[in-house]
Structures are given as C-alpha cells and as structure tokens.
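Please keep the structure in view while reading.

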Amino acid sequence: MKHYEVEILDAKTREKLCFLDKVEPHATIAEIKNLFTKSHPQWYPTRQSLRLDPKGKSLKDEDVLQKLPVGTTATLYFRDLGAQISWVTVFLTEYTGPLFIYLLFYFRVPFIYGHKYDFTSSRHTVVHLACICHSFHYIKRLLETLFVHRFSHGTMPLRNIFKNCTYYWGFAAWMAYYINHPLYTPPTYGAQQVKLALAIFVICQLGNFSIHMALRDLRPAGSKTRKIPYPTKNPFTWLFLLVSCPNYTYELGSWISFALMTQCLPVALFSLVGFTQMTIWAKGKHRSYLKEFRDYPPLRMPIIPFLL
Amino acid sequence: MAVAAATAASRGNGGGGGRAGAGEASGARKKKGPGPLATAYLVIYNVVMTAGWLVIAVGLVRAYLAKGSYHSLYYSIEKPLKFFQTGALLEILHCAIGIVPSSVVLTSFQVMSRVFLIWAVTHSVKEVQSEDSVLLFVIAWTITEIIRYSFYTFSLLNHLPYLIKWARYTLFIVLYPMGVSGELLTIYAALPFVRQAGLYSISLPNKYNFSFDYYAFLILIMISYIPLPQLYFHMIHQRRKVLSHTEEHKKFE
C-alpha cells in the first residue's frame, strides 16, 4: 500500500507548517486535522480549515485523501478559523438568558421599576399569560437543543456567542421591561384579542416543534446526510408543501402572535428583526436545496407561502 | 455624531474606510471602475456637490463680512447646507447599485450621522442654531466636503492633482477634531431644551407599551464618539503610508 505525504502550508504566508509522512491513502481530513493538532496544539481540529487551494473552499472532514485530486505528496493550505465554540454551548447560553431575564422583570426585582413596585405582581391576566408563553418558548428551545436538534457543524466562531447573546438577552430585557411594567396597558380588544393570539401562539409552537422533529427524523444519529424534507402524517408538517423552512414560518407566527397578545411595540420590533434574519437564512437554505436536489418541489417558497 | 466626525476626516482622507479613493492607501489598486454612463453621472454628481459646498463656503464668508461677526452665521447658509448634506443620501444608493466600490453599511452610517445632526439636532432644537459650536462643525464639514468631492471628481477623470490628494490626507488633522468638537458641543447644548420640551419622546402609559427618551438617546450618541480618537490616530498613520507612496512615485517621474 502506497503511503501519502501531506504537507500543510499557511494559506496566507505559504509558510510550511507541518509535514506528515506515511499517511494512509484512506485517511480522512478529520484524521489529518488530528495529526496537525499534534504539532500545533493551539489549533485544535474544529479551528482548522484545510483546503486544496489557498483561496478555495474548505475540505470536509469526511473527505478521503486518496479521493482528492492530489498526487502522492498532497499540499494542503491551512486557515485558522479562530477560537471555536460548540453550537450546543451557544444555544444553551443564548436561550437560558432570556428565560431568566424575563423572570427578573416579571417578579419586579428591585432597581428596575420604582421601589414601591418591588416584588409586586401585575393585576392583568395577560401579563401572567405572557410570562408563561415566553418561558415555555425558551424552555422548549433549550430542550430541543439538548434532545432534538442534530447539528451539521459542531462549532462556530467564538465571537458569535457575544453577538448572539447580546441580541437575545437585550431584546428579552427590552420586551420584558414593558410587558411587566406597572404602567402596562392591556390589549385594546381585551380578552378576545388575547385568546386569539394565544391560540395562534400555541399552534405555532406545536408547528415549530413538529418541523424540528421531522427534520431530525430525516437524518440518522451521528450522520450528516441531507435529504429533501416532505410532509408527514402530522398535519403541522404539511406546511412543507408550501415552504422550505416551515420552522421559521412557525417561529415568525409565534412572535407575531405574542406581539398581538401583549400589544407591545418592542415585541413587534423583535419579530421584525427576527423575520429579517430568518428570511436570509431561509433563502440561503432554499438555494442550497435547489442546488443540491434536481427534483426539488417547484411550488415551495423559502419562508412565506407564495410570497417570500 | 461620532461617525459624522469620522466622516469629516476619514471620508475626506480615505483613512482605513472603504470609500472610493481609500484604496490608494494600500498601494496597488485594481482599476475596474464604473461603466461610462455611471462615470459620467458620478462626475456630474461630484461636481454639483463640490459646487454646492462652495456655495456654502462663500455664503459663510459673505455673511461674516456683512455682519462683522462670526456669530449666528448658520441662518445664512441653512438652506444650502440642508439641501446638499441631505443630498449626500444618494451616495448610499451609489454603493447599493455598485457604481461606487464602498461598503453600503459604512456609507449609510456616515451619511445618516450627518443628516441626523442637521435635522434631528440643529433643525429640531432651534435654540442651538445660534451657538458657535454649529459654526465649528459647519466650517469643518464645508472644507472637508469641498476637498472630498473634488478629489472624487478628479479621480474619476483620472487626473488627480497632488495638491488635492495632499489636502485630503492632511487637513483632516485639524478639521477632524474641529468637527467632532462642534458636533459634541452642539448636541450638548441641545440637551436642556430636549429635556424641557420632551422632544421626540414618548412615555408610559400608552396603548403600544413603548417608551423613548430622546434626551437619553442623545447622551448615548455622545458616548458613541469615544472610539474616535483611536480612528484619528489610525488615519494619521495611514496618511504617512499614502503620501510617502505618492512621493516615491513622483521621484520616478
């Protein structure tokens, strides 16, 4: 069996960083990354981007050495992706924040509102309902992170955790401040409005969860396979007929209904920002589906049926 | 605001920002400009803007000579100032459609901060219009913009006199601190009037459960000026690179 030699150069400076000899032909990029870490321990595997061309795309961990267009001496270019943090860690941190922060405002912990309001409780039913809904939403997200989601990538750049937490925690505080404020004004159309909003919220939460489960079932544990998602027996998944990312559609619905329920402008603004971001993601996902699958259903739109 | 001041200098000088002309700081530059129609339009745009700011400059001088003092000159150039500074919003469009190779985000930031100072501070709080700080930033902006727009005009025509380039990368040393000071002092002067009138502010309770305190917002804006000295020193550093590079070229001519 012929062994390969692998030299790893810095993509920017072309400096020779590492030379590996006697590499098995069926070694994967993941294994090469592990070998590279041995000589450069500060660059752990998730931080490494190895590519065939300094400006090219990163090679995948699963790629096998002998299947790559290289000679028996392979030259790989390395780029440092920067400190990495696991997706799970980021999700858990960014979702636990809102859960706690909202409760600080709900219980009117001192120094937020005037002293005479410390630890008092709102007299409006909708305020209590809103707390339940908001908390439920984030508990659901935490549980999904731990037990449902199957991530394609293990890690993301470390700076994302600061960016993401600022976003989630900041908005949670901003919304919670007004909803739990002693001068909060309940919705104009009273109980009718709240009931309708609650119904939509519950439907969207169930819908979003159904989609997460459907997506999970598409991919066996530990694998990174990708398939076209289709509607299942669960009626909530029938939205797949019309959109590529019904999870985002339902998520948008949840927040719009929460805005309706609380009649709180900051919630509406949060929904708008979230909608913008999810639309960008949905369009990206939709595009990758179209590129990867020739037979992708043509009726589907990225996030809003028929429109967007 | 912070970025308005950064604008006064970095836009006037290229600095590290991604504005047209800034590429020269990095030496080798790929020439792949806009098409002939876009170039013609941009030349017209930049000429008009140069002219506009010249009108403001002349207006200031004439008003000074007529009044015999430099106080309250704002009123004599209020209209062209509003017109031409607001007109700069077009530059965001230029980046968005790609005829100018700058970042849409950066340009938006810079233009919006200028527009904010003109409309949301100076125009909105009448009491500050007679402040000397207004003259401070108006002069800084006027000189900077005249140089900047003529710089772009000449660059588009591929004939940039060294003097303009020198001016763009040198005068900011004085104009930048001048502009920043003028802007900060103006916002500071506006504060009590904003507080008193409750300008642009909404308080609870209201049916949309929202509040906004413009006074606090202005304080935050002032705080956002803090990173500017850092940017200023960065631009001084960039200046040495750009001007020495040009000097070298001139030696070989």
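How much area is buried between chain B and chain A?

## The interface

In this predicted model, the area buried between chain B and chain A is about 890 Å². Carbon and sulfur atoms give 61% of that area. Three residues, B:Leu204, B:Asn209 and B:Phe210, supply 59% of what chain B buries against chain A, more than any other three residues.

The contact involves 12 residues from chain A and eight residues from chain B. Sorted by class, the side of chain B that touches chain A has four nonpolar residues, three polar residues and one charged residue.

Six residue pairs are in polar contact across the interface of chain B and chain A, counting pairs with both residues at pLDDT 80 or more.

Chain A has an open sheet formed by four strands in the order β2-β1-β4-β3. The pairing in this sheet is mixed. In general, strands of a sheet pair through backbone hydrogen bonds, in either a parallel or an antiparallel way.

Which strands of chain A stand at the edges? They are β2 (16–23) and β3 (48–51); each has a single partner strand, so one side of each is left without a neighbour in the sheet. From one strand to the next, the twist averages 25°.

## One strand pair

β3 of chain A pairs with β4 of chain A (residues 73–80) in the antiparallel sense, over four bridges. In β4 of chain A, A:Arg79 is the bridge partner of A:Ser49.

How values were computed: Residues are numbered from 1 along each chain as its sequence is written. Chains are lettered from A and ligands numbered from 1 in the order in which they are written. This is a predicted model: local features need pLDDT of at least 70, side-chain atom pairs count only at pLDDT 80 or more; totals for chains, interfaces and linings use all residues. Side-chain values use heavy atoms; hydrogens and water are left out. Contact means heavy atoms within 4.5 Å. Buried area is the accessible area (1.4 Å probe) that two parts lose on being put together, summed over both. A polar contact is a pair of N or O atoms within 3.5 Å; within protein, one must be able to donate a hydrogen and the other to accept it, and residues adjacent in sequence count only if both atoms are side-chain atoms. Ala, Val, Leu, Ile, Met, Phe, Trp, Tyr, Cys and Pro count as nonpolar, Asp, Glu, Lys and Arg as charged, and the others, Gly among them, as polar. Two strands pair if DSSP finds at least two bridges between them. Helices (H or I, at least four residues) and strands (E, at least two) are DSSP runs, numbered from the N terminus. Axes are lines fitted to C-alpha atoms, for helices over the stretch in contact, and angles run from 0 to 180 degrees between N-to-C directions.
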